[in-house]
Structure formats: C-alpha cells, structure tokens
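Please read the following note alongside the coordinates.

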Amino acid sequence: MNNIVAIVGRPNVGKSTFFNRLIQRREAIVDSVSGVTRDRNYGKSEWNGKEFSVIDTGGYIKGSDDIFEAEIRRQVELAIDEADVIIFLVDVEEGITPMDDEVAKLLRKVTKPVLLAVNKVDNSMREKDALEFYNLGLGDYYTIAGMSGSGTGDLMDALVKLLPEAVAPDENAVALPRFAVVGRPNAGKSSIINALIGEDRYIVTDIAGTTRDAIDTTYNRFGFEFNLVDTAGIRRKAKVKEDLEFYSVMRSVRAIEHSDIIILVIDATRGFEGQDQSIFWLAEKNRKGVVILVNKWDLVEKDTMSTRDYERKIREELQPFTDVPILFVSAINKQRLLKGLETAVEIFENRKQRIATSKLNETMLPIIEAMPPPALKGKYVKIKFCMQLPTPTPQFVFFCNMPQYVKEPYKRFLENKMREIYNFSGVPIDIYFRQK
Ligand code: GDP
Ligand code: GDP
C-alpha cells in the first residue's frame, strides 16, 4: 500500500522548497536510473524506512498573489480526496493571512490527519512569533525551516507515525489484478467502465480499505475476476470538472498507486496530449503495467488517419517506453473493449512472470557474448551471470567485474533483447549491474 502526503498552503509559504527537500534524496537515485524527467509536484520520499508519495498541491498556482478562494478550495479538496495525511504549511514571516484562515476552516472539517507546520522559522527568535498560529484552531504545530531543514525531522517523525502500517498480503488469497481506468476528463472513462461492467449487479464484493475508505471493487466479467480501483475523478465527476491539467493528473495519483495495471484512456479526436503523457509518466514511475485505449475511434475519419499512423505518433510520444499495447476502441459501439480487458489481464500476467535463472542465463549469456559491452578506457566488462530478483515487478541483475563501466545504451540493448524474447509488453522492467 502506498501512502500519499499532500502539502497545502497559499502561494509563497515555501511549499515547493519543502517538497524538494522531502523528495531530494530518493529522486536523485530513482531518476538517474530510469532517465525519466522529474515532476515538480509529485515525488517519492522515505523516512525511518517508511515510504510515501508527496504531492505539492500548489503546483498549479505558483507565485500568484491574486489567487481566488475557489483555487485554494480546489487545492484542499485535492488533498482531502487523494492524501492520507495533509501537511498545512504557513509562513511565520507573513503571519496569519485571510487565506490561511480560509484553508484552516476547510481543514478543521477534515477527518484525515492534518499537521500544521509553521515555515521559515530560521532562528529561535521566530519561535515565539509562531505562537499566533494557535489561532488557526488546528491545535499544536511544528516549527520548521524548509530551506535549511531545521525542525523538519520532528515533523517527519510525527508524519510517519500517522501513516497506516503496510498490511502483509494474505498468503492464501489469490491476488486479483487491480485495474485503474485513468485519463483526461471526457476521454470516455465512465463510458468504458459502464460498457465493461454494466450496472452494479456484476459487483462481487466491496473490499473495505484498512484504515482508508474503500476504493477497490471486485468484478467478475467475461470470465475474468478483477478489482477496479475507483478514480476520484470519476467518482466526483458530477461535482467538479477538472479541466486544469495539474488537478486532473494529480486526481489519478491515488488510483495509479493502488493498482497494478493502468488502463489509460485517450480521446482519439484529441490525440496524445500533455496530460496523457503526465499520467503515463506517473504509471511508469510507479512501475505499473499500462495499456492504452484510444477511445472514440468511431469518430475518426479512417481515410485521413490509419490506426498505423496514429499508433506510430503515440509511440513517438512514449519514448523510451514504447513496448506498450495500444488498442483502438469505441465505448459507444462497444468495439474492442473486451480485447482491452483481455490485454490488461495479459499485462498483469506479464508483470508477475518469473524467469528461471537457468533459462535466463541460457538465453542472455550467448547474446552478451555475441555483443559484449563496448570497451571503455581500455576496460573490458565481463558479464558472468544474471538473475531475476524476487520483487513484485520484474527486476534483473547482471553480475559483472566492473559494473560502473556499463552505460545506458547497453542497458537499453539488453532490455530490448529481453523484450524480444520474453513477453513484457506493457510492463516496465529494471536492469541493474552488480559487482561479482
Ligand atoms: P510556494 O509558493 O509555497 O511553493 O513557496 P516556495 O517554496 O516557492 O518559497 C517561497 C519563498 O520562500 C522563496 O523565496 C523561498 O526561498 C522562501 N523560503 C522557503 N523556505 C524558507 C525558509 O525556511 N526560510 C526562509 N527564510 N525562506 C524560505
Ligand atoms: P469521462 O469524463 O472520461 O468519464 O468521459 P465520459 O465517459 O463521461 O464520456 C465523455 C463524453 O464522450 C460523453 O458525452 C460520451 O458519450 C462520449 N463518448 C465516450 N466514449 C465514446 C465513444 O467511444 N465514441 C463517441 N462517439 N463518444 C464517446
């Protein structure tokens, strides 16, 4: 289970400075491995061995002073819906502003844990200035300086205490695939879900979350049993229209983190857009399987655009993660939706496949011998042995004499070979080199 922490607060209190501090250590490692550009508003962090994701909910309203109450409300609603713990940041330099009052009013009604953090407490003089924040009616607070990191340790200690404990998976239970249908507003997510599962009569059980609200529902359709992870964006559709990319994408965070396979729905009449890219990136970053459904294919003039052209264009956008199934569907005509479901199940199987060490070495070592890593500074890397790690997503280790001399292109080469030989369609895989 992934925990999500949201940082809320008006502009300029220091949210992004604090956010960067939280994700720094880990991100540097993760991103150099995957080569994925880093998101300014979403990342992974860890404290005392507990992992969590962080959302800077102010990502959209950067730096503007004349933001509206509606904007703040939206930011807080995002946090309330998507997060397990909320950190409310205020600024000791400015003191309590009307907008802080506004946020506090919203947060006082929340049942989720809220931590009040008074930022920019750079020295002990400012400690007593912080006292006024008791007036926000949120109880005790933490004084921190996001810039230097002072005080953040205590805040983090309190934070991880509030995060629900990871529940050990039930050994006897058959793990059902967990799917999340995500995509931009109006892409046709609800239509696809309705076409696939019809009305509620197909619901098998409701699985109540441990300490959170239930977001999984089990279905049995077309011979497949699976869980559908509810997307807040769909659930609260009637209430708000998330037209801004930031909110729209962040609305998917929870669903993506709680599922195994992402069914990414694209509107064929609009093409693969920035928002789709961001969602795809979120899925990759979380090592989830992905199938792309290009919906509303009934609306596309087939003379002007063939599936082949369309598919090629999308794959260009997906670089370097191109081994992803792309299907052209229509929710209205119920075309190829079943194929979409089948593909999602197949990706689930691909993602949990285990390749025996002997078989892996039999196939990979001859390839490596025929095409060894290029010599670097006169050094010859010898890869002697490889194996799959017992991780939930496919990870492979190649043991060699000088791992530091194996560069990205060779890693790509090995990954592509493995994708040719084994079926990892739709599944991110990781390759590491270790000293032996
Ligand atoms: P955001 O709009 O809430 O994301 O705020 P930023 O993180 O962009 O910070 C706004 C300003 O406050 C920047 O000029 C930061 O350098 C400054 N700032 C952030 N944290 C601290 C801090 O701990 N102490 C001081 N003195 N300034 C800070
Ligand atoms: P959501 O916001 O992603 O859940 O999108 P909806 O399922 O509510 O669909 C948005 C609009 O697109 C609705 O008017 C649907 O009737 C329409 N729509 C959805 N799928 C299709 C499709 O395959 N073909 C056509 N022509 N319209 C579709």
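1. A residue is called buried here if 20 or more other C-beta atoms lie within 10 Å of its own, exposed if 12 or fewer, and partly exposed in between, with C-beta atoms placed from the backbone. This is a predicted model, in which local features need pLDDT of at least 70 and side-chain atom pairs count only at pLDDT 80 or more, while totals for chains, interfaces and linings use all residues. Residues are numbered from 1 along each chain as its sequence is written, and chains are lettered from A and ligands numbered from 1 in the order in which they are written.

2. In helix H2, the buried residues are Ile72, Gln75, Val76, Leu78, Ala79 and Glu82. They lie on the same side of H2, because they cover an arc of only 150 degrees around the axis, the arc being that of the directions from the helix axis to the C-beta atoms. Glu69 and Ala70, which are exposed, sit on the face of H2 turned away from that buried side. Helices (H or I, at least four residues) and strands (E, at least two) are DSSP runs, numbered from the N terminus.

3. Leu360 belongs to helix H13 (residues 357-370) and counts as buried because it has 20 C-beta neighbours inside 10 Å. Neighbours within four places in sequence aside, Leu360 is in contact with Ile355, Cys386, Met387 and Gln388, contact meaning that the two C-beta atoms, placed from the backbone, lie within 7 Å. Gln388 is 28 residues from Leu360 along the chain, and their C-alpha atoms are separated by 8.2 Å.

4. Six strands form an open sheet with mixed pairing, in the order E2-E3-E1-E4-E5-E6, where two strands pair if DSSP finds at least two bridges between them. Strand E2 (42-47) and strand E6 (142-143) are the edges, each pairing on one side only. E2 runs antiparallel to strand E3 (residues 50-56), to which 6 bridges join it, and Trp47 stands opposite Lys50 in E3.

5. Around ligand 1 there are 16 residues, of which Gly14, Lys15, Ser16, Thr17 and Ala145 come nearest; a residue is near a molecule if its C-beta atom, placed from the backbone, lies within 6 Å of it. Helix H1 (residues 15-34) gives the most to this shell, with 3 residues.

6. Ligand 2 also has 16 residues around it, with Gly188, Lys189, Ser190, Ser191 and Ala331 coming nearest, and helix H6 (residues 189-197) supplies the largest share of that shell, 3 residues.
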